[in-house]
Amino acid sequence: MAMRLHWSPKSPYVRKVMVCAHELALVDRLELVRSVAAMLKPNARLMQDNPLSKIPTLVLENGFVLFDSVVICEYLNDLAGGALFPKSAPDKWQALRWHALGDGLLDALILWRNERERELPLQPLTDAFELKTLASLRLLDDEAQALAETAFSIGHVAIGCALGYLDYRFDALGWRGIAPRLGEWHAEICKRASFRNTLPVDG
Ligand SMILES: N[C@@H](CCC(=O)N[C@@H](CS)C(=O)NCC(=O)O)C(=O)O
């Protein structure tokens, strides 16, 4: 029996889980259930497994349900005995910090996108999301060399997925012009099969 993953090809948080599954050779253990999750349209079927109506949500073989992406990625890593979550300092804290920064950037981008699609976007809110996005990109650009020199971890997964989401939904921002060294790092990790096989697609 497979684990059931509430999944979408567009969600960057789901992509984190799928990148981990590829890195850990667990893809065959997952049954992907296409689930639509939208902030304004709670999904009744998904809510049977996750009251928050969010993806990713993972239903284990024994019926126990795990969410969110942070928990699912660590679960998969433990299941496979992987090294995506380093056990000791300083690598542990660097990985968790980059994980938090990648996720936090995604949180801001998702809210920014929701706001900009409203008929009358609240300008101070979109300005604040833009400011935080640019500041995160500048910090990551300064850390591009550290990213390249540190063993691949959940931090790299989260930041890679956040940058992939910028390409997918915020192309006009031209983030590589703001963070060119980060752009070079991103080009390198995009060569990994785990990233190549999980590119966001519409539909
Ligand atoms: N912190 C969560 C965020 C997951 C999330 O917000 N997923 C989006 C899809 S990209 C979602 O399900 N949105 C539906 C909603 O907010 O109701 C995680 O890391 O898994």
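Where is the place of Pro90? Pro90 sits in the loop between α3 and α4, where helices (H or I, at least four residues) and strands (E, at least two) are DSSP runs numbered from the N terminus. A cis peptide bond, with omega of about 0 degrees, joins Ala89 to this Pro90.

Before I go on, a word on the source: this is a predicted model, in which local features need pLDDT of at least 70 and side-chain atom pairs count only at pLDDT 80 or more, while totals for chains, interfaces and linings use all residues. Residues are numbered from 1 along each chain as its sequence is written, and side-chain values use heavy atoms, with hydrogens and water left out.

A cis peptide bond also joins Phe67 and Asp68, again with omega of about 0 degrees, and Asp68 lies in the loop between β4 (65–66) and α3 (69–80). That brings me to the ligand, since Asp68 is among the residues around it, together with others including Tyr13, Met39, Lys54, Ile55 and Ser69; near here means that a heavy atom of the residue lies within 4 Å. The side chain of Asp68 places an N or O atom 2.9 Å from a nitrogen atom of the ligand, and the side chain of Ser69 has an N or O atom 2.6 Å from a ligand oxygen atom. From Ile55, a polar backbone atom is 2.8 Å from a nitrogen atom of the ligand.

Let me turn to the helices. Helix α4 (residues 91–116) packs against helix α5 (residues 123–142) at an angle of about 150 degrees, with their axes 9 Å apart, the axes being lines fitted to C-alpha atoms over the stretch in contact, and the angles running from 0 to 180 degrees between N-to-C directions. That makes α4 roughly antiparallel to α5, given that angles under 35 degrees count as roughly parallel, over 145 as roughly antiparallel, 65 to 115 as roughly perpendicular and the rest as oblique. The contact (heavy atoms within 4.5 Å) involves residues including Trp98, Leu105 and Trp112 of α4 and Phe129 and Leu139 of α5.

Helix α7 (residues 154–169) and helix α9 (residues 180–189), by contrast, pack at about 105 degrees with their axes 11 Å apart, and are therefore roughly perpendicular to each other. Here His156, Ile159, Gly160, Leu163, Gly164 and Asp167 of α7 meet Leu182, Trp185, His186 and Ile189 of α9.

Finally, Ala25, in the loop between α1 (12–23) and β2 (30–34), has a positive phi of about 55 degrees although it is not a glycine.

Terms used. Polar contact = N/O pair within 3.5 Å; in protein donor to acceptor, adjacent residues only side chain to side chain.
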